[in-house]
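Biologist: I am new to this structure and would be grateful for a close look at a single part of it, the place where the two chains meet. Please take me through that part step by step.

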Protein chains: 2
Amino acid sequence: MRDVAIIGIGQTKVGEHWDKSLKELATESILAAIKDARTERVDSLYVGNMLSGELTGQEHLGALVSDFVGLRGVEAVKIEAACGSGAAALRMGYVTVAGELADIVVVAGVEKMTDKPGDAVTASLAMAADGDFEAQNGLSFVALNALLMRRYMHEYGVKHEEFAPFAINAHRNAVNNPYAMFPFAVTAEDFKKSKMIADPVNLLDSSPVCDGSAAVVLCPLDMARHRYASEHPVKLRACAIATDSIALHDRRDLLGLEGAALSAHKAYSQAGLGPQDIDLFEVHDAFTIMSVLSLEVCGFAERGRGTRLGLDGDIAIGGRIPITTMGGLKARGHPVGATGVYQIVEVVEQLRGQAGKNQVSDARLGMAQNIGGSGATVITTILEAMD
Amino acid sequence: MRDVAIIGIGQTKVGEHWDKSLKELATESILAAIKDARTERVDSLYVGNMLSGELTGQEHLGALVSDFVGLRGVEAVKIEAACGSGAAALRMGYVTVAGELADIVVVAGVEKMTDKPGDAVTASLAMAADGDFEAQNGLSFVALNALLMRRYMHEYGVKHEEFAPFAINAHRNAVNNPYAMFPFAVTAEDFKKSKMIADPVNLLDSSPVCDGSAAVVLCPLDMARHRYASEHPVKLRACAIATDSIALHDRRDLLGLEGAALSAHKAYSQAGLGPQDIDLFEVHDAFTIMSVLSLEVCGFAERGRGTRLGLDGDIAIGGRIPITTMGGLKARGHPVGATGVYQIVEVVEQLRGQAGKNQVSDARLGMAQNIGGSGATVITTILEAMD
């Protein structure tokens, strides 16, 4: 095994891209990442995507995208792990480079969700849940998160308004992200008045349906140092996948998010680090409750105390553990299979010192956690700035 | 990098499994493979599948299947590369073990196609083609293969009946395979009278729509030797993916099947072997024309001479290069995302000397080629019997 670096990043603006196809979105981010990496060679392409079949009538994205971006011939496959598809593809890229099976690997995440009506999208997203027990009984993804949130509020005596800081923080940070879907601020008052989706989850608790693509280029750290001696590659300190039961009713500990806890534990072990070492955390804020649970099981707050991080300002840039620094799933947007790669792109921006007005000062170690389903597949990645 | 062995195999009978769900099929093959491997530990699970979303309303198979088979917590993802999904998952498993990122990896392929009506299946399979240029214009998969076959017949002056030996050979071999969907013989007369599907492709040129699952267990070769000193593990000499344009109109050489040629070239190079060394070849006979093209570009026949291998008896067990030794996609069946793993299971059976009446004598080196789309993603695997 050898150390792996990220040497290129690329992304499209997140939004409703009715004028661009899935392969055009992927191409835009991949070509940007390849240009950023200044490489002319690519050995393998891993495409993270969840719903291309259901929502755009196209599978076989590995071959499709590799040809369209001018890489015909290279190893290329699609990786699917629901909303964790993007970082699951990153894990495959990491394994391939670390294991010395290839040198230059492009990992892209892409999703195109807005060409179909909302009910079709809701039904497609439910394919990440357990078909026999959850989707079959009419549970949509927002409903599953509502069950978690209701239980959390009951268990710990937390009020719904205490989740507001997560939405407010994400939107505030999105203002300075040119790639964000919702670059505008929201207030506690907005949160309070926000439309109810599935009680207690309201619109501002929820991330949007949207289109987008992000990509990164990986290579061995030694090669990165040699080729890019004057620049600052970012080292992948860890990238770990863990799973849990898909169905909520089958979990040993409903609010324990055991897949996320195990994934974070594996990543911390691989890196020889702990939560106290992390300078920023791109959390999977598909819903505010998911941010809270993720922060707790990753060791940033005690159980039942996660909302305090928002109320106390700890999650803000300049706070103890800045999260969703470029807007997160909530305000940058959540094109599901692409999200995990967007998170990595944003951590790299922070570690390179390229995050502009949202720069976390002295950011050396960044973490991202990408979650598939309501916690069934979880990928935790830790990145480090190199001198 | 370290050498990788296959220490366990499992498979379900291929057929119309209306009484079993997708996860039940996957579980049957995985538990059989784990039992065969006599391992109690599994680090990672890769599931090859193409159409679970479209045909069974379920994505997120990594987490779903890992939990259902009792492996909750392990790394698990779904790999998709159209009909090449099974062997693409094998490639990911190979990379993970060879690269020392995990020790015991289960690779499963699964597909459930018969719960939906035929036209829905045809439309779903077309998602492996280029949506914008092929599927959009009504080209189904059999139509794409008909274009290739027509061109081949025109280019080389080959008659349709010259393809018959491929179907006859596959069916003859399926008779002795308890897992085959069609364990009965067919004759040249049957082939001649067979129903036309898309001129010139007839029913007996074509593999069936069906359900099934196959699985293998991988581990480092050293571990296999140590743990199973009295038995015969099979070594993965090579496993290589290459791609080509998805759309036929965009290929540089229509009958050159460049993705397959490149994939075979990479596999031969990795193994330090050539076609003359291969004792049997599990070819991707989704359609007879695909077998012929694959045999040619892999170096078993000159271009335009592939049908001679059938006519001269070279492809039979006991012939120069036995193919589809357990029935192939044609007669064992072609549950698309599972096929690539079935091929590997069958090569392992041959190399272990467990192929019964279909045993290729002195089989030491076996090859399998799994093809996604009409040649856009191709995975070539070479396996060797160990003493």
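Modeller: A salt bridge is counted here when a side-chain nitrogen of Lys or Arg lies within 4 Å of a carboxyl oxygen of Asp or Glu. By that rule, 10 salt bridges cross the interface of chain B and chain A. The model under discussion is a predicted one. Over all chains, the structure holds 50 salt bridges.

Side chains of opposite charge can pair when their charged atoms come close. One residue that illustrates this is Arg72(A). The side chain of Arg72(A) meets that of Asp250(B) in a salt bridge, with 3.5 Å from N to O. Since Arg72(A) is placed in the loop between α3 (61–68) and β3 of chain A, and Asp250(B) in the loop between β8 and α10 of chain B, the pair joins two chains. Arg72(A) also forms a salt bridge with Asp244(B), where the closest N and O atoms are 3.9 Å apart.

Polar contacts between chain B and chain A amount to 26 residue pairs, both members being at pLDDT 80 or more. On the side of chain B that touches chain A, the elements giving two or more residues are α2 (52–56), α3 (61–68), β3 (75–80), α4 (85–98), β8 (234–243) and α10 (258–271) of chain B. Of these, α4(B) gives the most, with 7 residues. By residue type, this side of chain B divides into 27 nonpolar, 14 polar and 17 charged residues.

As for the extent of the contact, 58 residues come from chain B and 58 residues from chain A. The area buried between the two chains is about 4,400 Å², and carbon and sulfur atoms give 53% of that area.

Strands take part as well. Strand β3 of chain A, residues 75–80, pairs with β3(B) in the antiparallel sense over 3 bridges. Within this pairing, Lys78(A) stands opposite Glu80(B).

The arrangement of the two chains may be considered next. Two copies of a chain are related by a rotation about an axis and a shift along it.

Some details of the backbone complete the account. Glu100(B) has a positive phi of about 70° although it is not a glycine, and Glu100(B) is placed in the loop between α4 and β4 (105–111) of chain B. In chain A, the peptide bond from Asp199(A) to Pro200(A) is cis, with omega near 10°; Pro200(A) lies in the loop between β5 (196–198) and β6 (201–202) of that chain. In chain B, the peptide bond from Asp199(B) to Pro200(B) is likewise cis, with omega near 10°, and the loop between β5 and β6 of chain B holds Pro200(B).

Key: Residues are numbered from 1 along each chain as its sequence is written. Chains are lettered from A and ligands numbered from 1 in the order in which they are written. Side-chain values use heavy atoms; hydrogens and water are left out. Contact means heavy atoms within 4.5 Å. Buried area is the accessible area (1.4 Å probe) that two parts lose on being put together, summed over both. A polar contact is a pair of N or O atoms within 3.5 Å; within protein, one must be able to donate a hydrogen and the other to accept it, and residues adjacent in sequence count only if both atoms are side-chain atoms. Helices (H or I, at least four residues) and strands (E, at least two) are DSSP runs, numbered from the N terminus. Ala, Val, Leu, Ile, Met, Phe, Trp, Tyr, Cys and Pro count as nonpolar, Asp, Glu, Lys and Arg as charged, and the others, Gly among them, as polar. Two strands pair if DSSP finds at least two bridges between them.
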